[in-house]
Amino acid sequence: MTLSVDPNNEYGYSQLNDTYDWKALIQNRPTDKNLSQNPIQAIVAFLNRFITYESLYGDSEGAREMVKVTMLLQAVDNKVTEQQITQTKKSYDYISAYRDMLIETQAPTDVVLEFERLQTVLETLLQVRQQIGLGVMCSYGTLNETLMKSGQFA
């Protein structure tokens, strides 16, 4: 088990100082109102914090997988390729499994909620990218609009 995911191991393994602070990850949210109104930016900000914490205190492999997700979200406006769709599916599966592991280990609810939001963003991104053949443009605007209509980010 990734020690950083185990909430019962309050002090997990750390390369720096043998502490893992879940509360810092949760409480270190940006207070920028624009960020809370833009689900993609909010998820990328969460991912960046999570990657930092994972790389310092936990699973460097998990951090690398999260970087792939961040790169997908930063490339929404790029031309859709089969490789991007495949990577989006892989990332969605990874995030889903990670969320399930968080639930199983009784991780803090706020962290699980962020991963559920991330799942929704990736699922929506995948849907929008797969509709490209129908003439739907894959862009941040389209993705953001679709997410806002879903009601989870309103």
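1. At what angle do helix α5 and helix α6 pack, and how far apart are their axes? Helix α5 (residues 82-104) and helix α6 (residues 109-130) pack at an angle of about 160°, with 9 Å between their axes. Helices are DSSP runs (H or I, at least four residues; strands are E, at least two) numbered from the N terminus. Axes are lines fitted to C-alpha atoms, for helices over the stretch in contact, and angles run from 0 to 180 degrees between N-to-C directions.

2. The model is a predicted one: local features need pLDDT of at least 70, side-chain atom pairs count only at pLDDT 80 or more, and totals for chains, interfaces and linings use all residues. Residues are numbered from 1 along each chain as its sequence is written, and side-chain values use heavy atoms, with hydrogens and water left out.

3. α5 and α6 are therefore roughly antiparallel (angles over 145 degrees; under 35 is roughly parallel, 65 to 115 roughly perpendicular, the rest oblique). Among the α5 residues in contact (heavy atoms within 4.5 Å) with α6 are Y92, I95, Y98 and R99, and the α6 side includes F115, L118, L122 and E123. By class, this contact of α5 with α6 has 13 nonpolar, six polar and five charged residues. Nonpolar covers Ala, Val, Leu, Ile, Met, Phe, Trp, Tyr, Cys and Pro; charged covers Asp, Glu, Lys and Arg; the others, Gly among them, are polar.

4. α6 and α7 pack at about 125°, their axes 10 Å apart. That angle makes α6 oblique to α7. T120, V121, T124, L125 and V128 of α6 meet T142, L143, T146 and L147 of α7. The residues of this contact divide into five nonpolar, four polar and no charged.

5. L73 lies in helix α4 (residues 60-74). L73 is buried, at 1% relative accessible area (buried is under 20%, exposed over 50%, partly exposed in between; 1.4 Å probe, protein chains only). Beyond four places in sequence, the residues that L73 touches include I43, L118, L125 and Y140. I43 is 30 residues from L73 in sequence, with 9.0 Å between their C-alpha atoms.
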